[in-house]
Amino acid sequence: MKVIVTKNYNESCRTAAEEIIKQVKKDPESKLGLATGGTAENVYPVLVEAYKEGKVDFSGISTVNLDEYIGMDPTSPQSYRKCMDSWFFDQVEIDKERTYCPSGMNKPEDEIKLFNEKLYADKMVDLQLLGVGVSGHIGFNEPGESLTAGVHIESLDESTIKANSRFFDSPDDVPRESITMGIGDIMKAKKIVMIVTGENKVPVMKELLTNDNVTCKVPATMLKMHRDVTVVIDEELAAAAGYQA
Ligand code: GLP
């Protein structure tokens, strides 16, 4: 696992965006796995800026997003489809037909089938962008006795409901279930770039960066088994987690 320690979160966003831009320049038809969440959000303006400056062309890429809340209307502000449209897709030249965000409104079995087609029908994901939850989740793969390899419906951890309630009027409004790529789907991406910041992620980063354990209790630790993972963190988080290069 490669760890890049930056001066601050802004620099982390630039660094993560640079990895994506490098990938798209190398292969303009790249398939990108994209992430939402407060941490990943600020990676997109850097991509949009690079596009506007003519430094990168997204018109040939295809994208697949990690997850969505079950029952979420795609036009609602909390919908990950809505986030992706406003943060990125509507601001660059991209073929929207080739962007996929799972729907939380469809029949689960139908959506799982479609999600798998989008993930695997043509090519594998070249680069997957990831955040991480306070529970240690990646996508919405929550800690437990076991993890699930493929696309599935996942019940959200109490800590996730609490953390994500900041995007809703009240914790009661946070959906209890999600549709998500499984751990195996994420691990099949050729390259993974994870961006993490914030004090509430210290315990998870300790588990990820300061020991060699792999545990279902912290799903992000599965990344230790991947060949090409880059974790981007700021020096404040690195110090708090006790990470030393
Ligand atoms: C949501 C997403 C996750 C993401 C997480 C991080 O829960 N489903 O894929 O990793 O947010 O959230 P934040 O960056 O806001 O802490």
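Trainee: Which residues does lysine 191 touch, not counting residues up to four places away in sequence?

Mentor: This is a predicted model, in which local features need pLDDT of at least 70 and side-chain atom pairs count only at pLDDT 80 or more, while totals for chains, interfaces and linings use all residues. Residues are numbered from 1 along each chain as its sequence is written, and side-chain values use heavy atoms, with hydrogens and water left out. Lysine 191 lies in strand E9 (residues 191-196), where strands (E, at least two residues) and helices (H or I, at least four) are DSSP runs numbered from the N terminus. With contact meaning heavy atoms within 4.5 Å, and residues up to four places away in sequence not counted, lysine 191 touches Glu19, Asp126, Leu127, Gln128, His226, Asp228 and Thr230.

Trainee: Does lysine 191 count as buried or exposed?

Mentor: Buried means under 20% relative accessible area, exposed over 50%, and partly exposed in between (1.4 Å probe, protein chains only). The relative accessibility of lysine 191 is 17%, so this residue counts as buried.

Trainee: With which residues is alanine 189 in contact, leaving aside its neighbours within four places in sequence?

Mentor: Alanine 189 belongs to the loop between H7 and E9, and its relative accessibility of 3% makes it count as buried. Leaving aside neighbours within four places in sequence, alanine 189 is in contact with Val125, Gln128 and His226.

Trainee: Which residues of H5 are buried?

Mentor: Helix H5 (residues 108-120) has 13 residues and reaches 18 Å from its first C-alpha to its last, close to the 18 Å expected at 1.5 Å a residue, the expected span being 1.5 Å times one less than the number of residues. The buried residues of H5 are Glu111, Phe115 and Leu119.

Trainee: Why do the buried residues of H5 line one face of the helix, and within what arc do they fall?

Mentor: An α-helix has 3.6 residues a turn, so residues three or four places apart point the same way. The buried residues of H5 are Glu111, Phe115 and Leu119. Seen down the axis of H5, with the arc being that of the directions from the helix axis to the C-beta atoms, these buried residues line one face because they fall within an arc of 75°.

Trainee: At what distance does a polar contact join the side chains of tyrosine 100 and glutamate 111?

Mentor: Tyrosine 100 is in strand E5, and strand E5 (99-100) is among the elements that cover the buried residues of H5. Leaving aside neighbours within four places in sequence, the contacts of tyrosine 100 include Glu111, Leu114, Phe115 and Lys118. A polar contact is a pair of N or O atoms within 3.5 Å, where within protein one must be able to donate a hydrogen and the other to accept it, and residues adjacent in sequence count only if both atoms are side-chain atoms. For the side chains of tyrosine 100 and glutamate 111, the polar contact is 2.5 Å.

Trainee: Which side chain does a polar contact join to that of asparagine 164?

Mentor: Asparagine 164 is part of helix H6 (residues 158-164), and at 13% relative accessibility it counts as buried. Not counting residues up to four places away in sequence, asparagine 164 touches Tyr69, Tyr80, Phe140 and Val174. The side chain joined to that of asparagine 164, by a polar contact of 3.0 Å, is that of tyrosine 69.

Trainee: How many of the 8 residues of helix H4 are buried?

Mentor: At the N-terminal end, serine 79 caps H4, with a side-chain oxygen 3.1 Å from the backbone nitrogen of arginine 81. The buried residues of H4 are Tyr80, Arg81, Cys83, Met84, Asp85 and Trp87. Helix H4 (residues 80-87) is largely enclosed by the rest of the structure, because the number of its 8 residues that are buried is 6.

Trainee: What share of the area that the ligand exposes when taken alone does the protein bury?

Mentor: A backbone N or O atom of glycine 38 lies 2.7 Å from an oxygen atom of the ligand, and an N or O atom in the side chain of arginine 166 is 2.8 Å from an oxygen atom of the ligand. Accessible areas come from the Shrake-Rupley method with a 1.4 Å probe, and for residues only the protein chains shown count as cover. Taken alone the ligand exposes 390 Å², of which the protein buries 95%.
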